[in-house]
Each structure stands twice: as C-alpha cells, then as structure tokens.
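Work through the exercises below with the model open beside you. Each task is followed by a stepwise solution.

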Amino acid sequence: MSTERHPQTTPTYKITCRMIHEAAALERLCQVVRIRGFRIAKMAVETSVQNAEESLYIALTVQGVRPVAMLQSQLEKLHTVAEVILNTTALAPAVGRTA
Amino acid sequence: MNGAQHILEAFHHHNVQTVFGYPGGCIMPLYDALVDDVLVEHVLCRHEQGCALAADGYARASARLGVCIATSGPGATNLITGVANAHRDSVPMLVITGQVPSSLIGTDAFQETDVLGMTLGIVKHSYLVERAEELPGILEEAMELAQTGRPGPVWIDIPKDVLLADIAAVPSQPVTRSQTAAPDLGSAIALLRAAQKPLLYSGGGISLAHAEDSFREFAECSALPAVVTLKGIGNPGKHSAHNLGMLGMHGSRAANRAVDECDLLLVIGARLDDRATGKLNGFAPNARTIHIDTDAAEFNKLRTAELAIRGDLNAIFGVLTQAFRETPLAISDWRKECQTWRTTGGFQAADNEEPLAPITGPAFIRRLSHIAPDNTIIACDVGQHQMWVAQYYQFDHPRHHLTSGGLGTMGFGLPAAIGAQFANRATTVINVAGDGSFMMNAQELATIRRYNLPLKLIIMDNQCLGMVRQQQELFYNNRESQINLDDNPDFVAMARAFDIPALKIERTDQVRRGIETILAYNGPMLLHVAIAREENVWPIVKPGGSNREMIDEARRASADTKEIVA
C-alpha cells in the first residue's frame, strides 16, 4: 500500500523508540515503517551507552493513513526494540547519551 | 574450539540432530567441522531452496527447530524463498550462512551479498556476527527466539574469519521457560454465554502454540460449531461432529454460511488472512469478535475485536474447557442449523464410478484419504491440488497437513516432504504436487534417492498451471496466458532417471491400485496421475469478493466475471 500522495493532508504521528544498537538496526526499523504503510517525514537518532549496552534513541515523525497503533505494535515486535512511545513526548534523555 | 566447532556444540546442546544444507566457500569451516561430528546428521539437498523448505517441513512435522545452512552470495540468496515461506507461516527455523571475511565485507568480494539487509523483511530476527566472542550468545539467543512467542526464522550470517577464530568454550545456560497463567477470561466467557450463534474459528496458531490437544478438548467440550483456516485443518480432528471445514476462497459453503450468520466469532490462533475472510466488510457482518492469539500485533490489524486476549493458548483452553464443562452453552438451535449446513453444504464433488472415466482431482484425493494409513503426512505444493487436498483429505491432526499457506510457494511440497520424512522416519509421507509445482524443486529427487527415503510422490498432472488457468477462465474472459505446460517431461521416465520407480494412471479404475502400489512399495515411488486440463476447484470466491458470493460450477456462467482489487 502506498501512502497518500499529498503529505500535507496525511495524518502525521510522532513516535519515539529505543532499541539496541546493532548491525542494521535502523534499516530494520525503517523497513517496518515502510511496509506497514507509513513514510518517514523526519528522523533524529542519538546513541547512548548504559550498562555496557549501546542503545539508539530514535524520534520519528511518520505519515500514513493506516491506524498508527498497528505500526506501533509491529515496531514493538522487533526483537531489539525495547520501547515504543506514540505521542509527542520524547523519551527521557539517558545518562551518558552521546551525539 | 573455533567458531564452526562451537556451532556444532550448540546443536548438540539443543538436541539439533538433523540439518539441511549445501556447502560453499565461506561456510567451509563449518563443513570441515562436520567431518568430525557424529551427532549431527547433515542432509545434502541439491539446491539451497530445497534446504530451507526441507528444514521448514521438518519443523512443521516435528514441532522442533528446523535448521538450514548455506554459503554466502548465491547460497544465501537461494535460501530466501524458503525462509520467507517459514516467516509467513511462523515456522521455527535457524538459518546459518557463511559470509565473506570481515575485512572484505563491503568490498564487493567474490560471493558477497548484503544478506542482513536483503533479508530484513523475511525473518523474525537476524544477526551479522561482527566479533567472534559474540557467536555463543547469538546462537543461544537465536535458537530461543526462533521457537518462542510467535515462532519464525532467525538468520545468523557469519563471516568466514569468525568461523575460524578461536572461541573460548562457554557453558550454555539451560533455558527455563516459565508457565504463564491464563489471562482473565471472564469477559470472554460472558460474551460466549450471551451469544445466540457463536462460532469457533481456529488457525495455524494452535499448532504453533503446541496446543493441539487442549484445543481439541475445548472444542469438544464446548461443542461450538467450528470452522478452520487452511493452516488450521486438522485442529478439530476428522471425527469432530461440529467441524464445518475450511472457510474462505475455496472453503465449504457450510463454513462460509456459518461465518456469515454467526453473532460471535471466537478467533483463535488465526490472523484473518484475506484468502479466509474475502472482502473484509462483508465478512461475518453480524458478529462481534473475540480474538485470542500469542501475537498482539494481530489484534485489530484487519478487523476490530470487541475483546482481544493475548496469552498462552494451553492455559486459556484449560480455563475455557472447565467453564463450559461445568455449565454448557445453550445453543442447541444454532448447532442444529449448522449441522444442516454441514450435511448439505460440505465439499460435494461427485465420484465418477465409470471405470474408464478420466480421473478427477477431488475423487482421487478422497480415495487417497480412504486408503492412506492413519497419521500419514501430506505435503502439498500450491495450486488446485493443494485446495483439493484441503477440501477432501480427512486430516486428524494439523501437523499431518503441510501446506504453504501464507507465501503460497510452488515447489514447497517435495522438499517439505523430505524434511518431514527425516523428522518421522517410520511414518508414511506423501508429496501431492501439481505438474507445475513439481518442476520447481524436482532436483530434490536426487536427495530422496541418496538417502533412500520411502517418500511417495504423487503428481496431479493437468498439463497446465491449473489455478491460474481457472482464474483466467472465470475472471479474465477465458483469455489463457502462459499457463500451458503440455510439453512437460515424461514424469515416469524422469523419476526412473533418478532410480525412483514410477507408474502412470489416467482412468478411474486405476486409482485404487495405483495408490495401493506406491504405498506398499518399500522405498520411494512416484505416481503420475493424469487429470483433465479443464477441471476447476469449486466453490470459489472471486479474489476481492465477499465469501457470501461463492461461485460453484452451476453458477459459473452467471457469475460476475471481473476480478476485484480490494
């Protein structure tokens, strides 16, 4: 399914996501967004190291006409995704976060 | 111990006894380690797609982990269809591929492909092992991940230098799987008690949750009228009095009618696939829905559920069974109505008893079902024969019916049957194929011969791509396009070239003896069954149409003949 051709009228959602930083982590996330019918309008990524594990904090603005809850549940299924929050509130900054 | 040897140690620890693979450059360290291993049986298929589909069939038939191995580049790309097949049907599988040495990744090295990037959409998870010391942990995690929750294929891509690197022996930690309690089912029980016409709708998730026995107990105890998806065939058992059969595009009239009339749909371990539901807004129009599944992402994906319950199916069935044993459902009128439909709206293709009459697909499968021993495993390919098997073979257990449900992979059946035979050495395993599907993995005849598997191969040959031809006839003004296969090879001669005996039948009076002959033969044998080119699968719902608009042979001429793109 393609997203609507007029992005300005397409519903827009903000999603924040925390996932393990490993090979192809971002590609995996973006692939799910695309195949579930959304397009990425904006994306910001930061890394953080806590307890010897490197995490990615991703702030996504996505557009799509399908129910965004479906996208959220599909992202939550990814093995390396620790948290998905659907709102305008970003995840709390983590100690030791690096640009 | 190097990385390759560690992989075999992990197999030993997890009781992986059989793997399917094909060697090549970057996976050679693992094949070198296999030379000294006596505990893991490596099955050499003749194409990597055959390896993946054999591992799939092994897993489906045994409820164990399927494992396939290939080298980098073309070895990995050849696996992809088989892995995608496992992904779509949630089959637990571990995929191991060699990769070019770490220092060469990204240099367009010989037989390099970006396996991780290429396979993201067809795996439950995947790994590129970047450091040798990560390998033990990744192996443990991958095997656990493939088999828990909603199962699926997990792919580990391992650079050659990692396979050769020394790895300290790491004692494996025993995996403890906790028993989860059933969620609160009070609301579900109340909805079921309030319903006048509740219907049980089960799918492949029953087997995935290893809940076949507890499901059957619940189904019998509740005596709910029941329908099944393609992958749920066998869930209620062939003696169930309440089973109305498969629903959907080629489902029974009884099943689709019951879905149409019910006021409560209890969906368990099913994902409301479009082949089952038809046009969604015409599906179960009067029903509220309770959806029970292991995977929360299936809830409200295609149809809003009044109640969505995620949890362990065995625990859930335990609670439901107890509830309805203590106080049975008062739905006798609805049961009677469904029984009437079951009597009149089942699959009803007539047998032609005329000895010289051509063999028809439904009659042949019906006869096969009568003659084959109990517990026979049937591995289908994809097409008309697949639907005739689904309609007319009486399965008593879902793991006896191996079919490519989600991906619809032609060429699935033969390697899947090989895998099933390795998982069940003493069981009769039959591959029912079409002539088109058979040719897609026919190289695996060599695998059957090599291991002297007593597989029975049945080719239902209508000299064309029958399901495509049927839809072209019905929905594309009979404009046949690229479906003709009348230049098929001589399948009997082809089998014999692989040292597999074979015979051909083409008349009704040859059916019984043909089936009995291949079943009695002590070894692999092929039965080439010639059937009419023009035969169709009935009934059919046109793609994108509503299930209440089923077309049968009598209505074919009056049917609206345009395919609908939903």
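Two strands pair if DSSP finds at least two bridges between them. Helices (H or I, at least four residues) and strands (E, at least two) are DSSP runs, numbered from the N terminus. The model is predicted: local features need pLDDT of at least 70, side-chain atom pairs count only at pLDDT 80 or more, and totals for chains, interfaces and linings use all residues. Residues are numbered from 1 along each chain as its sequence is written, and chains are lettered from A and ligands numbered from 1 in the order in which they are written.

**Exercise 1. Determine how β3(A) pairs with β1(A) and with β2(A).**

Step 1. Take β1 (residues 12–20) and β3 (residues 53–63) of chain A. They pair in the antiparallel sense, over nine bridges.

Step 2. Turn to β2 (residues 39–50) of chain A. Its pairing with β3(A) is also antiparallel, over eleven bridges. Here A:R39 has A:Q63 of β3(A) as its bridge partner.

Step 3. Inspect the hairpin of β2(A) and β3(A). Two residues lie between the strands, and A:N51 takes a positive phi near 50°.

**Exercise 2. Describe the side of chain A that touches chain B.**

Step 1. Count the contacts. Two residues are in contact if their C-beta atoms, placed from the backbone, lie within 7 Å. Eleven residues of chain A meet eleven residues of chain B.

Step 2. Assign the elements. On the chain A side, α1 (25–35) and α2 (68–77) give two or more residues.

Step 3. Sort by class. Ala, Val, Leu, Ile, Met, Phe, Trp, Tyr, Cys and Pro count as nonpolar, Asp, Glu, Lys and Arg as charged, and the others, Gly among them, as polar. The chain A side has four nonpolar, four polar and three charged residues.

**Exercise 3. Work out the packing of α3(B) against α17(B).**

Step 1. Find the geometry. Axes are lines fitted to C-alpha atoms, for helices over the stretch in contact, and angles run from 0 to 180 degrees between N-to-C directions. α3(B) and α17 (residues 413–423) of chain B pack at about 45°, with axes 6 Å apart.

Step 2. Name the arrangement. Angles under 35 degrees count as roughly parallel, over 145 as roughly antiparallel, 65 to 115 as roughly perpendicular and the rest as oblique. α3(B) is therefore oblique to α17(B).

Step 3. A crossing is left-handed if the near helix is turned anticlockwise from the far one by less than a right angle, and right-handed if clockwise. α3(B) crosses α17(B) in the right-handed sense.

Step 4. List contact residues. α3(B) contributes B:L53 and B:Y58, among others, while those from α17(B) include B:I418 and B:F422. The contact has twelve nonpolar, four polar and one charged residues.
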